[in-house]
Amino acid sequence: MREHSIDVTVPEKLGEAQISVAAGAPLELDVRLEGLHDGILASGHVSATATGECSRCLKAVSQPIEVDFAELFAYDVDEAFDYQVQDDHVDLEPVVRDAVVLSLPFQPVCRPDCPGLDPVTGERVEDIPDYRPREDVDPRWSALAGFQAESAPADGTSSGSGRTDSDATGEQH
């Protein structure tokens, strides 16, 4: 068994969506290589920083990426494994790339409660003081809006019959 800590510069961008690990960014690897009967088990931990933009408000975001991986590299080419040992070496690049790319968030946000953009103006909602979303009422419901205003009593009491029944114990029903 061998353990290595490796600092690598990312050769090409990892990820293609709204967030990715940029080319030239540092990548920290803690790798453990174990010799087994069928091959070499490579397991480890990857640390990096992904940059991109918030999927709601389009602000720049930066998120730490922490991901673990484990993959068996087979000695024999006939084995049904995805990776093989080549000249007593293992190529960790595709394993690390897949682990990092699959750990990237699909829709990154700058913060969990990000309000996003105003659908009408396209401005960031947090930049608009006293923002109130426009309520577009479907014209098919406009007749019911008038009905609701007419049926609500002015004093706020319930609009029931006002009558209560009481039984022999004096409880009202």
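Of the 173 residues of this protein, 25% count as buried, where buried means under 20% relative accessible area, exposed means over 50%, and partly exposed lies in between, with a 1.4 Å probe and protein chains only. The model is a predicted one, in which local features need pLDDT of at least 70 and side-chain atom pairs count only at pLDDT 80 or more, while totals for chains, interfaces and linings use all residues. Residues are numbered from 1 along each chain as its sequence is written, and side-chain values use heavy atoms, with hydrogens and water left out.

Let us turn to the fold. There are 6 strands and 2 helices; these are DSSP runs, with helices being H or I of at least four residues and strands being E of at least two. Along the sequence, the order is β-β-β-β-β-β-α-α. Among contacts with a separation of 6 or more, 49% join residues 24 or more positions apart, a contact being heavy atoms within 4.5 Å.

How many disulfides are there? The count is 0, by the rule that a disulfide is a pair of cysteine sulfur atoms within 2.5 Å. Cys 57 is in none, as its nearest cysteine sulfur, that of Cys 114, is 3.6 Å away. Cys 57 is buried, at 2% relative accessibility. Cys 110 is likewise in no disulfide, and the nearest cysteine sulfur, again that of Cys 114, is 3.6 Å away. Cys 110 is partly exposed, with a relative accessible area of 30%.
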